[in-house]
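This report covers a ligand site, some backbone features and a handful of individual residues. Please keep the structure in view while reading.

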Amino acid sequence: MMKYSIKDRNIILGVSGGIAAYKSVEILRLLIQAGASVRVIMTQSAQWFVGPLTFEALSGQPVFKDMFTEDHEASIRHIDWAQAADGVIIAPATANTIGKLAHGIADDPLSTFMLAVSAPVLVCPSMNNQMYASKAVQRNLDTLRSDGYFVLEPGSGELACGTTGPGRLPEPNIIVDRFTSCLAPNDLAGKKFVVTAGPTIEPIDPVRFISNPSSGKMGYAVARAAAQRGANVILITGPTHLPDPTNVTTIRVRTADEMAEAVFQQYEQADVVVKAAAVSDYRPQESAVHKTKKGKSEWALSLKQNQDILKALGRQKVHQVLVGFAAETRDLEQNATQKLTEKNVDMIVGNLVGSAASGFESDTNTVTFFYTDGTHESLPSMEKQAVAHILLDRIIEKVLPVATD
Ligand code: PMT
């Protein structure tokens, strides 16, 4: 499904010290099988789990495991290898290695190399489920994401320590597939993308509002992916807990009206607008200046419709490519195709919401793309970042050429 190939690419496989290090041998084998040239960097603890000789024999290259040796070539290896790298996989990534990367600590070959490399990096955490859930590890992973690293969520199941939960290193083929999608080209250079994300909130009074559970993850993933591929990206987002993505101009708004104003300001210069935001369709007729006191046993709220931003953009469309989302709990095809025509957009991402692994808040999503020629394409469940890259592929292949004809 992914069009990015790892054949003839220089890949670095970083192995840190967890029980899952044995799976890195299989990752190496799969990468070599796919035609990549792979060099391995091991932390000292990783060498307790798997011997460097195994990696050396399979990769046909020396393993980088000591910063300071008699070998002069080895002393600048972290720079040479960083400059030549097309991509990096860190699997397994332990809590310690994740912490070092998040804080720029460079005290071993892997962490030192990581400060020098600018190629895409896929970090594959693997550890005990309680450690994985800890605030420190989650905070460090958020830092890595906002620094532009790809993070592959661990699988759930029985762990080596006897507990059950998220923390398992995913299977090697899943890691290699995911990594392949990370090696995105610079194919959106010169394009201006406007992406919307998150919910809007519509105040009832200063302490209450109407909103929805959008976390912003889907829209932020699109913004981040477009920026990774060279686009000039403006992200217009409702309130979220996510950090601003790297290399993206982020504009934070609260209400649907504020989002509309920000989007219209950017529209004329935009090449592509992707509307992943869950805009509130209604707002209270009136928003009280002071907190409404609890008194009556019932409170009927009168609502009025917000303007449909996407529909307004569709009416004013000149050269812009418009991509909408459709969040549905049923009749996905019927509802999505109706929105495609009614809102005059070039593509709709149909999104079944309501399950834990798709739609609002989850890290993964299951979507179907609907095109104006009546065709559609369903994707299997995958991380939102992977969905974002495939969405950009399709915009480039199917929508941008038509719009610029
Ligand atoms: O943020 P996450 O937690 O990652 O969740 C992702 C998501 C479920 C929010 C996202 O994938 C998604 O489906 N976004 C669209 C949600 C939505 O509002 O769908 P809709 O079918 O109600 O709206 C259709 C389209 O019109 C959307 O592109 C929406 O941005 C746009 N719209 C809707 C209403 C409105 N007043 N103005 C709009 O522009």
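D331 is partly exposed, with a relative accessible area of 44%. Buried means under 20% relative accessible area, exposed over 50%, and partly exposed in between (1.4 Å probe, protein chains only). D331 sits in the loop between strand 16 and helix 14 (332-342). Helices (H or I, at least four residues) and strands (E, at least two) are DSSP runs, numbered from the N terminus. D331 is not a glycine, yet its phi is positive, at about 45°.

## Basis of the model

The model is predicted: local features need pLDDT of at least 70, side-chain atom pairs count only at pLDDT 80 or more, and totals for chains, interfaces and linings use all residues. Residues are numbered from 1 along each chain as its sequence is written, and side-chain values use heavy atoms, with hydrogens and water left out.

## Ligand shell

Which residues come nearest to the ligand? Of the 28 residues around the ligand, they are S214, S215, K339, N351 and E361. A residue counts as near if one of its heavy atoms lies within 4 Å of the molecule. By class, the shell has 12 nonpolar, eight polar and eight charged residues. Here Ala, Val, Leu, Ile, Met, Phe, Trp, Tyr, Cys and Pro count as nonpolar; Asp, Glu, Lys and Arg count as charged; the others, Gly among them, count as polar.

Helix 11 (217-228), helix 13 (309-315) and strand 16 (321-328) each supply at least two shell residues. Strand 16 gives the most, with four residues.

## Ligand contacts and cover

Take the side chain of K339 to begin with. One of its N or O atoms is 2.5 Å from an oxygen atom of the ligand. The backbone also takes part. A polar backbone atom of K275 is 2.7 Å from a ligand oxygen atom. For A276, a backbone N or O atom lies 2.9 Å from a nitrogen atom of the ligand. The protein covers 96% of the 770 Å² of accessible area that the ligand has on its own. Accessible areas come from the Shrake-Rupley method with a 1.4 Å probe; for residues, only the protein chains shown count as cover.

The ligand takes up the space of the largest pocket. On a 1 Å grid over the protein atoms alone, a pocket is an open set of points with protein on both sides within 12 Å along at least five of seven lines. A molecule sits in a pocket if more than half of its atoms lie within 2 Å of its grid points.

S215 is in the loop between strand 10 (208-210) and helix 11. S215 is buried, with a relative accessible area of 17%. P239 is 24 residues from S215 along the chain, and their C-alpha atoms are separated by 8.4 Å.

E361 lies in the loop between strand 17 (347-352) and strand 18 (364-365). E361 has a positive phi of about 75°, although it is not a glycine.

## A cis peptide and a buried threonine

Where is the cis peptide bond to P92? That bond runs from A91 to P92, with omega near -5°. P92 belongs to strand 3 (residues 87-93).

T237 is in strand 11 (residues 232-237). Its relative accessibility is 0%, so it counts as buried. The side chains of T237 and Y220 are joined by a polar contact of 3.2 Å. A polar contact is a pair of N or O atoms within 3.5 Å; within protein, one must be able to donate a hydrogen and the other to accept it, and residues adjacent in sequence count only if both atoms are side-chain atoms.

## Sequence against space

G162 is found in the loop between strand 6 (155-158) and strand 7 (164-168). At 52% relative accessibility, G162 is exposed. G162 and N128 are 34 residues apart in sequence, with 9.1 Å between their C-alpha atoms.

A119 is in the loop between helix 7 (109-116) and strand 4 (121-125). A119 is buried, at 13% relative accessibility. A119 and I11 are 108 residues apart in sequence and 9.5 Å apart in space, C-alpha to C-alpha.

L303 is in strand 15 (residues 303-305). L303 counts as partly exposed, at 38% relative accessibility. L303 and L110 are 193 residues apart in sequence, and their C-alpha atoms are 57 Å apart in space.

Note on methods
On a 1 Å grid over the protein atoms alone, a cavity is a set of points where a 1.4 Å probe fits but cannot get out, and a pocket is an open set with protein on both sides within 12 Å along at least five of seven lines; lining residues have an atom within 4 Å of a point.
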